[in-house]
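Visitor: I am new to this structure. Please show me how to read it, feature by feature.

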Amino acid sequence: MATTEIITCINCPVGCRMEVTHEGETVLSVKGNTCKRGDAYARQECVAPLRMVTAVAPVQDRETPVSLKTRTPIPKKLIDD
Ligand code: SF4
């Protein structure tokens with residue numbers, strides 16, 4: 001069964017609102033984007049979203065925690081891990 005989601009492209013300040021129809025991990029259509037970057041973002045975001053992750057972590061023998069950031073975007077579903 002196909003699902004339609006409305007998402008906003010975050011690749012530039014224009015912020016195009018896009019309608020993405022997909023069936024599971026198969027994207028059937030993307031509408032509303034005005035460039036290829038939006039199409040690629042919509043397909044990634046609806047099927048396997050990625051996020052940069054920042055955090056602070058305690059370090060043994062150190063009073064202040066250390067700031068951390070992933071080197072590349074990681075799958076959103078792995079953030080808690
Ligand atoms: S689809 Fe293209 S123009 Fe629209 S917000 Fe995304 S990057 Fe910007």
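This is a predicted model: local features need pLDDT of at least 70, side-chain atom pairs count only at pLDDT 80 or more; totals for chains, interfaces and linings use all residues.

Visitor: Where is Arg43 found?

Guide: Arg43 is found in helix H1. Leaving aside neighbours within four places in sequence, Arg43 is in contact with Val27 and Val30. Compare a residue towards the end of the chain. Arg43 and Asp81 are 38 residues apart in sequence, and their C-alpha atoms are 24 Å apart in space.

Visitor: How do I check the span of helix H1?

Guide: Count residues, then compare with the distance between the ends. H1 covers residues 36-47, which is 12 residues. At 1.5 Å a residue, the helix should span 16 Å. The end C-alpha atoms of H1 are 17 Å apart, which agrees.

Visitor: Which residues of H1 are buried?

Guide: Gly38, Tyr41 and Ala42 are buried in H1. Now look down the axis. The buried residues of H1 fall within an arc of 100°, so they line one face of the helix.

Visitor: What covers the buried residues of H1?

Guide: The cover includes three strands: E1 (3-8), E2 (17-23) and E3 (26-31).

Visitor: How is the chain divided into domains?

Guide: Read the bounds from the domain assignment. Domain 1 runs over 1-48, and domain 2 over 50-81. The centres of the two domains, taken over C-alpha atoms, are separated by 27 Å.

Visitor: Which residues surround the ligand?

Guide: List the shell, then sort it by class. The ligand is surrounded by Cys9, Asn11, Cys12, Val14, Gly15, Cys16, Asn33, Thr34, Cys35, Arg37 and Gly38. Five of the shell residues are nonpolar, five are polar and one is charged. One of the shell residues, Gly38, also belongs to the buried residues of H1.

Visitor: Now take me to Arg51. What is its place?

Guide: Arg51 is in strand E4, residues 50-51. Arg51 has 13 C-beta neighbours inside 10 Å, so Arg51 is partly exposed.

Visitor: Which residues is Arg51 in contact with, beyond its neighbours within four places in sequence?

Guide: Arg51 is in contact with Pro73, Ile74, Lys76 and Ile79. Met1 is 50 residues from Arg51 along the chain, and 27 Å separate their C-alpha atoms.

Visitor: Next, Thr54. Is Thr54 buried or exposed?

Guide: Thr54 is exposed, because 9 other C-beta atoms lie within 10 Å. Thr54 is found in strand E5, which covers residues 54-57.

Visitor: How do I compare sequence distance with distance in space?

Guide: Take both for a pair of residues. Thr54 and Leu68 are 14 residues apart in sequence, with 5.5 Å between their C-alpha atoms. Outside four places in sequence, Thr54 is in contact with Leu68 and Lys69.

Visitor: What about Val56?

Guide: Val56 also lies in strand E5. With 10 other C-beta atoms within 10 Å, Val56 is exposed. Leaving aside neighbours within four places in sequence, Val56 is in contact with Pro65, Val66, Ser67 and Leu68. Another pair gives a second reading. Val56 and Asp80 are 24 residues apart in sequence and 14 Å apart in space, C-alpha to C-alpha.

Visitor: One last feature. Where does Asp61 lie?

Guide: Asp61 lies in the loop between E5 and strand E6 (66-69). Check the backbone angle too. Asp61 has a positive phi of about 65°, although Asp61 is not a glycine.

Visitor: Is Asp61 buried or exposed?

Guide: Asp61 is exposed, because 4 other C-beta atoms lie within 10 Å.

Note on methods: Residues are numbered from 1 along each chain as its sequence is written. Domain bounds come from an automatic or database domain assignment. A residue is near a molecule or strand if its C-beta atom, placed from the backbone, lies within 6 Å of it. Ala, Val, Leu, Ile, Met, Phe, Trp, Tyr, Cys and Pro count as nonpolar, Asp, Glu, Lys and Arg as charged, and the others, Gly among them, as polar. Helices (H or I, at least four residues) and strands (E, at least two) are DSSP runs, numbered from the N terminus. A residue is buried if 20 or more other C-beta atoms lie within 10 Å of its own, exposed if 12 or fewer, and partly exposed in between; C-beta atoms are placed from the backbone. Two residues are in contact if their C-beta atoms, placed from the backbone, lie within 7 Å. The expected span of a helix is 1.5 Å times one less than its number of residues. The arc is that of the directions from the helix axis to the C-beta atoms.
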